[in-house]
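Biologist: I would like a close look at one helix pair. Please take me through how the two pack together, and what else they take part in.

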Amino acid sequence: MKKQFILDMTMLFVFLIVVGYKPLGNYWHETLGIVLFVLVFLHNYWNRQWYKSLSKGSWGLERKYTAAVDGLLIVSFLAVLLTAPFISRSYSLGFNIHFLEGIHKAGGALMLAAIGLHLGIHWAILKPRFVNGLHLANVSTAGIIVRLVVLGIVLGAIYFILPTGTRPNLNPSGVYIGMLGHLVDVIGIAAVSYFIQMHLRKLGRKAPAKPVR
Ligand code: HEM
Ligand code: HEM
């Protein structure tokens, strides 16, 4: 459980950086984008049971909603993944098919919305993991702040340890502001998705169907 949560949060963090693009510069967008592809493959491998169980059980409203959201996420992810090799500049394979850039960008924007919806559906799984997985149950607010400061120092140190030439050529304030803006979008969409799920669950109770997460 804990390793899944760490992967979930790492994917979310990397996604929020990658989707910003401009303050990051092309090289780091593509490099972190490739890292994200690998993380998403691992995440899907760990969740492979979901694909196997698609043909089993009954399809209540809540399950249909989950499948629609996951379907949207998978399609948008595939749009980004399959177009990347043909538009790449830093890892160019020699192709430069410009019309695919539009599909790639639209896929990225759709992925942001789909990740918000996906997170809202999984809020019930994520919430206890925040508390237990990060051992925050008995930690005071001051303790949480100290941990965040230590994390900030470690990330800053990693940044400055990198040789000058390989350091991300980024505009740090642009990256932070971009990430915060996208995080607010994701949380807002997640909240809406959570309420849709709760509503469908209520309706499902009136007309019972086996809920599958
Ligand atoms: C930033 C990104 C993402 C986050 C934070 C996230 C979070 C989660 C969480 C919390 C779960 C429940 C099980 C677990 O913890 O592993 C889950 C399940 C799943 N995720 Fe993701 N996910 C992300 C991206 C993706 C992407 C890009 C895909 C597909 C391309 C995907 C496909 C799935 C599938 C198929 C499941 C199992 C079915 C389900 O329970 O919905 N996820 N995800
Ligand atoms: C899941 C990972 C990725 C996501 C979510 C993503 C998303 C995006 C988004 C939203 C944009 C538009 C940014 C803007 O104009 O403000 C963009 C641009 C771009 N991406 Fe990605 N991307 C990912 C991975 C990659 C990878 C792996 C490559 C190449 C190897 C790549 C190559 C590019 C290029 C070349 C552009 C600029 C296109 C243009 O100028 O019209 N991306 N990406």
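Modeller: A crossing is left-handed if the near helix is turned anticlockwise from the far one by less than a right angle, and right-handed if clockwise. By that rule α1 passes α2 in a left-handed crossing. The model is predicted: local features need pLDDT of at least 70, side-chain atom pairs count only at pLDDT 80 or more, and totals for chains, interfaces and linings use all residues. Residues are numbered from 1 along each chain as its sequence is written.

Helices are DSSP runs (H or I, at least four residues), numbered from the N terminus. The axes of α1 and α2, lines fitted to C-alpha atoms over the stretch in contact, come within 10 Å and cross at roughly 150°. Angles run from 0 to 180 degrees between N-to-C directions. Over 145 degrees counts as roughly antiparallel, so α1 and α2 are roughly antiparallel to each other.

Contact means C-beta atoms, placed from the backbone, within 7 Å. From α1, the residues include L7, M11, V14 and V18. They meet α2 residues, among them L32, L36, L39 and W46. The contact divides into 13 nonpolar, five polar and no charged residues. Here Ala, Val, Leu, Ile, Met, Phe, Trp, Tyr, Cys and Pro count as nonpolar, Asp, Glu, Lys and Arg as charged, and the others, Gly among them, as polar.

Now the ligand. M11 is one of the residues that come nearest to ligand 1, in a shell of 23; near means a C-beta atom, placed from the backbone, within 6 Å. Both α1 (2–18) and α2 (26–46) give two or more residues to that shell.

Terms used. Chains are lettered from A and ligands numbered from 1 in the order in which they are written. Angles under 35 degrees count as roughly parallel, over 145 as roughly antiparallel, 65 to 115 as roughly perpendicular and the rest as oblique. Two residues are in contact if their C-beta atoms, placed from the backbone, lie within 7 Å.
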